[in-house]
Amino acid sequence: MYWLSLFIFSVPTVYSQIKELKVAKKSEEIWNKQFENYLNFHTLESLMDIKTVETSENERNWLQSLDRGIKNFRHKRQIHSGSGFLRKEIRMLTLEERRRFFNALNALKNDTTVTPNMYDFIALFHTRSDIVRRSHFGPSFLGWHRIYLLRLEFALKQKDARVSLPYWDSSIEGEMEDATISILWTPSFFGNAFNEVERGPFGHWTTPDGQRLRRNIGFLGSLIRRSDIEGMIVNARNHSDVVRSGFDSVTFSESTIEAEHDNVHAWVGGTMSGLLTAAFDPLFFLHHCFIDLIWEKLREGLRQKNVDPESDYPDTIGDQAAGSPMYLFDFLRNIDGYSDRWTRQFYQYDNQPSCSGGTQGCSSEYLRCAPTRSQPENVMCTSLTSNYVLDVSPRVRYKSAILDIETTVGPRFTSSTNKHVAGLFKLISPTSPLSRSEISKLAFSILKTPNIFNSIPEKTKQQLIIRMFSMGL
Ligand SMILES: *[C@@H]1O[C@H](CO)[C@@H](O)[C@H](O)[C@H]1NC(C)=O
Ligand SMILES: *[C@@H]1O[C@H](CO)[C@@H](O)[C@H](O)[C@H]1NC(C)=O
Ligand SMILES: [Cu+2]
């Protein structure tokens, strides 16, 4: 189920609640029509049963222990700037820090004192349509996820007090020629890039409905470019310019933080590409941590324009309004998520990896300064590639693509599906390593999937059809 398909999924059950957001019935119908061809409810059926988390007393106590610090945020009189913990890019951690982080995640996953386990207990909140609707598509997106990340971070700290949440700077991959061979997709970092995740720190993980984590790196979506972030920060006059204002503000050309974030979910593919399944892959939290960093930079930019990011909450009615309770964290109001205190009191961000100041290796053995796609004349930090990257053979990519097409076909908010789709076309050739029936299956899956087919350049399409014809498919 792709990102945003929740919209369709949730319409019957939450429509009455959506009304107060004034989403016109008409636009809902347009949405339905636009996407009905793409939708496939397969992956959601099993989640329906587990989407409501019943909390026992034990579970409530645990949640309270996690949220205690968050709850007290308003009572601290003195704020010592820079006294919080430091969030670093995953490749900037020492080996020891990275080992501790992965261990703490696994300790949460192994701890079944709450149901089904501590990690999934937190992730399951992101599968509930009521919660998800109130924390996406509008101005609460930024503040809500900031608090959600803190909840996981405090859980990690209960397992190992020295662990902080790292972020994944996906703009590094965004500058690579071929990000599918980035060091990230090795057992030392996140494990497999394609198909089921069988290696690395999450190699044995399953979701509560018994599925392995899946990825399909770079097949759809797009990564955040440094220049896009910088442009957004320069151009934003206030938060209203960069946040959505409801379902019907979602367009194909919007320049919002949430849209940028959607595209990265799609780019990772598999588990991460579904709004309701994404949080089962721990990469979710590192991705959102980077989104939160971008927001922090944007807030600095607003301050320089004499806009106070704490009080600059877009005019909104309904449950994403400034003064409405923050859903799931209803001891807070939505506008509390925009408070400066979170980054003053709780955490700060380490500098993004950079080549300036003579840090030859970007202060990481996994990064190096090199010419990049967007700025070939300049050097920027870019990820090392690895011979140990898992499963990038054409056959594996083919299987992964088929699986993603079959199980998670949906709308995609990017006009240009990237070159990996074009790469798949190369498999549709007489010299392909695939069997004839595999070639035929792949070709027809692409043809039958409008949002994939439509995003392919016209010329490539013609080539595809000619090639299929000449192969007698
Ligand atoms: C979690 O459980 C797995 C599988 O039983 C085990 O291999 C791993 O060492 C455990 N990790 C932690 C941190 O408890
Ligand atoms: C954001 O800026 C625009 C343009 O200056 C303005 O029209 C709008 O009212 C501002 N929004 C808020 C919430 O201040
Ligand atoms: Cu989310």
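In which sense do strand β4 and strand β5 pair, and over how many bridges? I started my notes with this one, keeping in mind that the model is predicted.

**Hairpin.** I found that β4 (residues 325-326) and β5 (residues 329-333) pair in the antiparallel sense, over two bridges. Looking across the pair, I saw Met326 opposite Phe329 in β5. Two residues lie between the strands of this hairpin, and I noted that Leu328 takes a positive phi there, near 80°.

**Core.** Next I turned to the largest nonpolar core, which has 86 residues. Leu156 and Leu286 touch the most other members. I then checked which helix gives the most to this core: helix α12 (residues 283-304), with eleven residues. Apart from this core I came across another, of six residues, including Cys362, Tyr366, Leu367 and Cys381. I reminded myself that nonpolar side chains tend to be buried together in soluble globular proteins.

**Leu156 and α8.** I went back to Leu156 and left aside its neighbours within four places in sequence. Its contacts are then Ala104, Leu105, Leu108, Val163 and Leu165. I also looked at helix α8, residues 140-159. Its 20 residues reach 29 Å from first C-alpha to last, close to the 28 Å expected at 1.5 Å a residue. I wrote down that α8 is mostly covered, with 14 of its 20 residues buried.

**Ligand 1.** Which residues surround ligand 1? I listed Asn103, Asn106, Ala107, Asn110 and His204. Sorting this shell, I got one nonpolar residue, four polar and no charged.

Technical notes: Residues are numbered from 1 along each chain as its sequence is written. Chains are lettered from A and ligands numbered from 1 in the order in which they are written. This is a predicted model: local features need pLDDT of at least 70, side-chain atom pairs count only at pLDDT 80 or more; totals for chains, interfaces and linings use all residues. A nonpolar core is a set of buried Ala, Val, Leu, Ile, Met, Phe, Trp, Tyr and Cys residues joined through C-beta atoms within 7 Å. A residue is buried if 20 or more other C-beta atoms lie within 10 Å of its own, exposed if 12 or fewer, and partly exposed in between; C-beta atoms are placed from the backbone. Helices (H or I, at least four residues) and strands (E, at least two) are DSSP runs, numbered from the N terminus. Two residues are in contact if their C-beta atoms, placed from the backbone, lie within 7 Å. A residue is near a molecule or strand if its C-beta atom, placed from the backbone, lies within 6 Å of it. Ala, Val, Leu, Ile, Met, Phe, Trp, Tyr, Cys and Pro count as nonpolar, Asp, Glu, Lys and Arg as charged, and the others, Gly among them, as polar. The expected span of a helix is 1.5 Å times one less than its number of residues. Two strands pair if DSSP finds at least two bridges between them.
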